[in-house]
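Dear colleague,

I am handing over a structure that I have been reading through, and I would be glad if you kept it open beside this message. Below it you will find what came out, residue by residue and then for the chain taken together.

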Amino acid sequence: MATSAVPAAIDALLAILRAAPALAGVDIIDGPPTGDMSAADLVAVGWQPDDGEAAVLAQEFAYAGARRRDEEFVISCWLESWTGDNDVAARRVRAFELLAVVEDALRASDAAPEAPTLGGTVLWAHLTAGTLRQVNTDQGVKAGLAFSVACRARI
């Protein structure tokens, strides 16, 4: 029996995002970037800048008998848009377009009825919070969103 649903949920979230047609051409990475971050659009699962937490979890007994546990956790994620220009509004709009695609990918549809359960790894998952960051660099403007995917699982 698994001690946590976190590893499987992160893997499933990555698979869902990598399969989303609207994210074709977007770098979808597992955890912190390890190399060149000059991609125009990037989504990182299990990482946010200036934050060492990939996921935060809490567990409790599901019912008397201590055989099953309920687990709630939040997966930290980051997305950004950069093109090397100075158009802040365009980068901000693109960042929110990417966030909308992530949110849509987590919703049930005829094509993906298991999306809200991350392929059955959790009872439910949904996007719950976000923080917009806009930065001027010597290589242009970047707009990024730190966001959270909250999950509940029975283990």
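**Serine 81 and its partners**

A polar contact of 3.0 Å links the side chain of serine 81 to the side chain of aspartate 41. Please keep in mind from the start that this is a predicted model. Serine 81 belongs to strand E4, which covers residues 69–82. Is serine 81 buried or exposed? Its relative accessibility is 0%, and because buried means under 20%, serine 81 counts as buried.

**Glutamine 48**

Glutamine 48 sits in the loop that runs between strand E2 (41–45) and strand E3 (55–61). Although its place is in a loop, glutamine 48 is buried, because its relative accessible area is 10% and the cut-off for buried is under 20%. Which backbone oxygen lies 3.1 Å from a polar atom of the side chain of glutamine 48? It is the backbone oxygen of cysteine 77, while the backbone oxygen of phenylalanine 147 lies 3.0 Å from a polar atom of the glutamine 48 side chain. Both cysteine 77 and phenylalanine 147 return among the residues that glutamine 48 touches, which, not counting residues up to four places away in sequence, are Ser76, Cys77, Trp78, Ala146, Phe147 and Ser148.

Arginine 107 is placed in the loop between helix H2 (88–105) and strand E5 (124–137). With a relative accessible area of 45%, arginine 107 is partly exposed, because that value falls between the limits of 20% for buried and 50% for exposed. The side chain of arginine 107 is joined to that of glutamate 103 by a polar contact of 3.0 Å. If neighbours within four places in sequence are left aside, arginine 107 is in contact with Ala112, Ala115 and Pro116.

Between the C-alpha atoms of isoleucine 16 and proline 33, which are 17 residues apart along the chain, the separation is 19 Å.

**The chain taken together**

How many helices and strands does the protein have? There are 2 helices and 6 strands, and from the N terminus on they follow the order α-β-β-β-β-α-β-β. A compact globule of 155 residues would have a radius of gyration near 15 Å, and the protein has 17 Å, which agrees. The C-alpha trace spans about 60 × 35 × 25 Å along its principal axes.

Of the 155 residues, 42% count as buried, and the accessible surface comes to about 8100 Å², of which 52% belongs to carbon and sulfur atoms. Among contacts with a separation of 6 or more, 63% come from residues 24 or more positions apart. Finally, the protein carries 12 positive and 21 negative side chains, and the centres of these two sets lie 7 Å apart.

With kind regards

Technical notes. Residues numbered from 1 in each chain as written. Predicted model: local features only at pLDDT ≥ 70, side-chain atom pairs only at ≥ 80, totals over all residues. Heavy atoms only, no water. Helix = DSSP H or I, 4+ residues; strand = E, 2+ residues; numbered from the N terminus. Rg over C-alpha atoms; globule rule 2.2 N^0.38 Å. Buried < 20%, exposed > 50% of the residue type's maximum accessible area, 1.4 Å probe, protein only. Contact = heavy atoms within 4.5 Å. Areas by Shrake-Rupley, 256 points an atom, 1.4 Å probe, with all protein chains shown as cover. Lys, Arg positive; Asp, Glu negative; His and termini not counted. Charge placed at Lys NZ, Arg CZ, Asp CG, Glu CD. Polar contact = N/O pair within 3.5 Å; in protein donor to acceptor, adjacent residues only side chain to side chain.
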